[in-house]
Amino acid sequence: MSGRIPTEEIMNTSFSSTPGTGQPIQIIDITEDHKFKLNENNLQQILSHPKARLKKVSIISVAGAFRKGKSFLLDFFLRYLNRNGREDWLGADDEPLTGFHWKGGSERDTTGILMWSEPFILRRNDTKEEIAVLLMDTQGAFDSQSTVKDCATVFALSLMISSIHVYNITQNLQEDDLQHLHLFTEYGKIALEDSHETPFQRLTFLIRDWSFPYEYSYGYEGGQALLDKRFQINSKQHQELTELRINLKKCFNTLNCYLMPHPGLRVCTSPEFDGKLKDIELDFKNYVKKFVEAQFQPNLTVKQINGREITTLELFEYFRAYCRIFEADELPEPKSMLLATAEANNLAAKAIAKEFYMNAMEQHCGGDRPYMHPHHLQASNVQIMEEAIKKFDLVPKMGGESLSLKYLDELKSEMNDLYESYVKHNDSKNIFAFSRTATSLIAVMVLTYLMSGLLEWFWLGSFSFLFNFVFWTCFFLLGAWIYVKYSGEYKEIGEYIDGLADILWRRVYQPIYEQFVQHAIRAMLSYAPIQDGPSGSNGRGDGKKRN
Ligand SMILES: Nc1nc2c(ncn2[C@@H]2O[C@H](COP(=O)(O)OP(=O)(O)OP(=O)(O)O)[C@@H](O)[C@H]2O)c(=O)[nH]1
């Protein structure tokens with residue numbers, strides 16, 4: 001099977017999740033007052049999973065009316081992925097179907113949007129690159145508790161985010177099923193004008209309980225014939241219907257239809273049914289198997305936005321942007337959806353560049369790296385920043401130059417802030433820098449003590465009180481500094497003393513020290529000419545004051 005990984009590879013890298021682990025996690029909640037709330041922590045937990053971090057993603061979501069077997073279907077996907085797509089992945093006859101919660105009855109089950117906590121890692125056939133596959137379950141539409149806006153929003157979020165959108169329908173493909181896609185064709189039209197890239201990847205109309213196999217056979221073949229029939233354009237059709245059909249085809253890379261047989265009466269009428277295969281009709285089992293496998297053939301469908309395959313890091317930004325625009329009381333206009341996509345597109349580019357910057361800086365001066373000379377740190381920073389900006393520029397961006405410049409400025413300022421903290425962190429590794437305050441104060445004390453003694457010696461004792469005063473001031477400052485460092489209290493006083501000592505160090509000791517070293521070198525080289533170093537440097541080479 002072309003979408004599947006050879007067995008020997010499975011053992012090594014490809015399907016790295018442990019079978020049976022994971023659980024559905026709520027990523028979008030719908031509150032009682034019908035507000036959509038993105039659960040960023042939960043989403044982040046999935047997207048930054050060590051297996052999936054920074055990998056490209058394929059997101060499979062199932063959406064449609066409530067009580068129509070969406071979660072049930074997703075559990076077959078889970079089985080396939082958990083069992084590494086091996087030939088007998090459908091399992092034993094008496095094995096209950098578990099994973100996303102599903103149940104019989106007439107009351108709705110799933111609320112909001114859920115995602116499986118474990119990303120599945122599969123390798124694509126063409127480039128052999130590892131892709132993180134995510135499964136997404138959605139709240140069913142048209143139940144008695146949800147508003148029209150709730151249903152439309154769940155459907156929209158699921159479609160905008162996924163790379164394979166399974167539109168779960170029962171019995172037949174009707175005109176109103178197509179009408180629900182109107183908003184996306186409008187969005188798709190302007191997105192196409194903006195970027196000339198197909199906005200969505202794969203849309204599959206999955207028709208459950210298909211009862212007319214004698215007209216259109218089960219599976220993709222019959223589904224395609226039915227779809228062709230429904231997409232026929234004729235002169236009597238209203239302009240709006242014709243346009244919908246034309247635009248739908250333009251907005252998706254793949255648009256297809258699958259006709260699924262009825263699973264049998266036990267599945268939908270027995271309260272004891274717990275998903276065991278022995279209770280499901282053979283036809284259903286065969287076609288569900290083919291359907292699941294087909295989603296990974298001939299290759300994995302990676303999520304693309306603006307023609308670019310996106311990673312888990314970028315997906316997070318898109319989730320945030322889409323949830324923000326769907327927060328309003330009204331459904332957004334296609335134009336605002338495009339603007340949100342463009343903003344997320346820029347935010348994603350910024351996230352990629354920032355991630356690169358942080359990783360590279362961590363390697364240079366991160367927690368486990370030794371102290372780095374400030375000049376070297378600054379040089380590395382300049383070089384890494386340049387590379388990060390190149391990464392930002394390389395991402396094709398929507399929304400024009402002015403929007404991208406805004407995000408570039410934000411990126412630069414965030415990198416500058418990060419650099420400041422890297423500098424501080426690096427300084428803290430310098431043992432001498434830590435003891436600089438104590439050293440400076442003690443040096444003043446020793447000097448003033450000696451000077452006062454010297455003045456006494458030359459019978460100028462009346463002037464020595466000045467030196468005594470400085471001596472005791474430094475003594476008390478040193479005492480206060482030690483107390484602050486020991487107790488952690490009065491940090492502002494500690495910073496003030498550090499600042500004083502720093503000025504003393506830079507203005508007095510460092511120039512004297514440099515002069516002394518230069519003299520020593522000159523003497524050693526028998527007065528050979530030597531170039532003067534930058535006097536008054538703060539040791540970081542950036543011309544900034546430390547305090
Ligand atoms: N008729 C029919 N019933 C099905 C099919 N697949 C699953 N079911 C049954 O439909 C019922 C509902 O299944 P769920 O997976 O919970 O449905 P859902 O669409 O996720 O429901 P909500 O979460 O409420 O939107 C269960 O009793 C399943 O056994 C199918 O293809 N046809």
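This is a predicted model: local features need pLDDT of at least 70, side-chain atom pairs count only at pLDDT 80 or more; totals for chains, interfaces and linings use all residues.
**Figure 1. Ile-164 and Arg-202 in the pairing of strands β7 and β8.** Strand β8 spans residues 200-208. Ile-164 stands opposite Arg-202, which belongs to β8. Between β7 and β8 there are 7 bridges, and the strands run parallel.

**Figure 2. Burial of strand β7.** Strand β7 consists of residues 164-170. Because 6 of its 7 residues are buried, β7 is largely enclosed by the rest of the structure. For the chain as a whole, 35% of the 547 residues count as buried.

**Figure 3. Contact between domain 1 and domain 2.** In the contact between them, 8 residues of domain 1 meet 6 residues of domain 2. On the domain 1 side, helices α6 (182-195) and α11 (312-325) each supply at least two residues. The largest share of that side, 3 residues, comes from α11. By class, the side of domain 1 that touches domain 2 has 4 charged, 3 polar and 1 nonpolar residues.

**Figure 4. The chain around these views.** The chain contains 18 helices and 11 strands. Among contacts between residues at least 6 apart in sequence, 76% join residues at least 24 apart.

Methods: Residues are numbered from 1 along each chain as its sequence is written. A residue is buried if 20 or more other C-beta atoms lie within 10 Å of its own, exposed if 12 or fewer, and partly exposed in between; C-beta atoms are placed from the backbone. Helices (H or I, at least four residues) and strands (E, at least two) are DSSP runs, numbered from the N terminus. Two strands pair if DSSP finds at least two bridges between them. Two residues are in contact if their C-beta atoms, placed from the backbone, lie within 7 Å. Ala, Val, Leu, Ile, Met, Phe, Trp, Tyr, Cys and Pro count as nonpolar, Asp, Glu, Lys and Arg as charged, and the others, Gly among them, as polar.
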